Amino acid sequence: MDAHDLITRNAAEVVTEAEVEELAENPEGKRAYVGYEPSGVLHIGHMLGANKLIDLQEAGMEVVILLADVHAYLNGKGSFEEIRETATRMQEQFVAYGLDEENTEFVLGSEFQFDEEYVLDLHALELETTLSRAERAMSEIGSGDSVTVSQAVYPLMQALDIEYLDIDLAIGGMEQRKVHMLARDTLPSIDYESPTCLHTPLISELSTGIGKMSSSSGVTISMEDSPEEIAEKVNGAFCPAGEVDPEPTDDGEERNNPVLEIFEYHVFPRFEEVVVERPEEYGGDLEYDSYAELEADFASGELHPADAKPTLAKYLDELIEPGREKLMEQRR
Ligand code: IYR
């Protein structure tokens, strides 16, 4: 796979296409980053971001993970001390998940976000941004019902992080896109360049396929899950036979097939080959070396949900196991 394919595979969108093409011509040593509000346990959303970082490392880029402790505090996630403690745990779980430790730089937000220069730039951005714009940027990130002043400051700091970490490519899930658009629009007003961004897709809610999976509601998969829990959650997933694009609900709500999405975004990027074990009497094992092949068999009915689900659970467990071990060690 060439650098451009590695950088863009499985991305929901890049902003802009032309900027990413230019970056892909010479990716060696270019810096990409993703930021997370520290939480004690990695979940499937973090894993999706990590898969993209692994692609970027393979393309020769340097990868930075921002453990956004100040952001978590501003977003009401607890006391600063508690948040700091979970940040270290998160870092260890990322490494266990498979990020190349030598080539991954972990940075705490608080290491640079209190510097005088940063704070003055932040105030300059505050002067350039309306409250309603900041509020809109937080619509998919803010915790709580109404936006606090701290949450309005949050996206401006996220924009500045891109500058202060000297980033060539900002990565985030699709829920981060409004913050990145704000960064692209407002950073030039304080004489910085608009950052290039790449957004990863969100997985649909596991049990219904309606809306997006979230760590705060509905079923979610995390490093905390035992193999049995993973199997049970996947077994209960919405996965209508033969339906790659399931019909909307009677109320017109869009539905997707989360089992296929997890194969596409989690399993295939990390495994060369996926084997679906089936008894001889049901046609024997199926082997796939790309998501497209698996999807085609699912669409034709050759691959049934009853075989796809346990296979997915097995591969997910393989991905989760090292992080789960680390988590258990951390709790001892
Ligand atoms: N908004 C992210 C956390 C975050 C990301 C980046 I990239 C930053 O520069 C700062 C914070 C979240 O929702 O977890």
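## Close-up views of a predicted model

**View 1. The shell around the ligand.** β2, α8 (149-164) and β5 each supply at least two residues of the shell around the ligand. Helices (H or I, at least four residues) and strands (E, at least two) are DSSP runs, numbered from the N terminus. This is a predicted model: local features need pLDDT of at least 70, side-chain atom pairs count only at pLDDT 80 or more, and totals for chains, interfaces and linings use all residues. Residues are numbered from 1 along each chain as its sequence is written. With 3 residues, β2 gives the most to the shell. Of the 13 residues around the ligand, G35, A68, H71, Q158 and D161 come nearest. A residue is near a molecule or strand if its C-beta atom, placed from the backbone, lies within 6 Å of it. By type, the shell holds 6 nonpolar, 5 polar and 2 charged residues. Here Ala, Val, Leu, Ile, Met, Phe, Trp, Tyr, Cys and Pro count as nonpolar, Asp, Glu, Lys and Arg as charged, and the others, Gly among them, as polar.

**View 2. The open sheet of 6 strands.** The strand order is β1-β6-β5-β2-β3-β4, and the pairing is mixed. The edge strands are β1 (13-15) and β4 (104-108), each of which pairs on one side only. Two strands pair if DSSP finds at least two bridges between them. From one strand to the next, the twist averages 25°. Axes for such angles are lines fitted to C-alpha atoms, for helices over the stretch in contact, and angles run from 0 to 180 degrees between N-to-C directions.

**View 3. Strand β2 and its partners.** β2 spans residues 31-36 and pairs with β5 (residues 169-173) in the parallel sense over 2 bridges. A32 of the sheet stands opposite L169 in β5. The bridge partner of Y33 in β5 is A170. β2 is also joined to strand β3 (residues 62-67) by 6 bridges, and these two run parallel. In β3, V63 stands opposite A32. Because 5 of the 6 residues of β2 are buried, β2 is largely enclosed by the rest of the structure. A residue is buried if 20 or more other C-beta atoms lie within 10 Å of its own, exposed if 12 or fewer, and partly exposed in between, with C-beta atoms placed from the backbone.

**View 4. Strand β5, inside the sheet order between β6 and β2.** 5 of the 5 residues of β5 are buried, so β5 is largely enclosed by the rest of the structure. L169, I171 and G173 point one way from the strand. A170 and G172 point the other way, and all of these residues are buried. β5 and strand β6 (residues 197-200) run parallel, joined by 4 bridges. I171 stands opposite L198 in β6.

**View 5. Domain 1 against domain 2.** The protein chain is divided into domain 1 (3-200) and domain 2 (227-331). Domain bounds come from an automatic or database domain assignment. Taken over C-alpha atoms, the two domain centres are 29 Å apart. Domain 1 puts 12 residues into the contact and domain 2 puts in 11. Two residues are in contact if their C-beta atoms, placed from the backbone, lie within 7 Å. On the domain 1 side, α3 (44-58) and α5 (80-97) each supply at least two residues. α5 gives the most to this side, with 5 residues. The domain 1 side divides into 6 nonpolar, 3 polar and 3 charged residues.

**View 6. Helix α11 is mostly covered.**

View 7. A cis peptide bond joins V15 and T16, with omega about -5°. T16 sits in the loop between β1 and α2 (17-25). D166 has a positive phi of about 55° although it is not a glycine. D166 is in the loop between α8 and β5. With 10 C-beta neighbours inside 10 Å, D166 counts as exposed. D191 is not a glycine either, yet has a positive phi of about 70°. The loop between α9 (177-186) and β6 holds D191. D191 is exposed, with 8 other C-beta atoms within 10 Å.

**View 8. R331 in helix α13.** R331 is exposed, with 9 other C-beta atoms within 10 Å. R331 and D121 are 210 residues apart in sequence. In space they are 40 Å apart, C-alpha to C-alpha.
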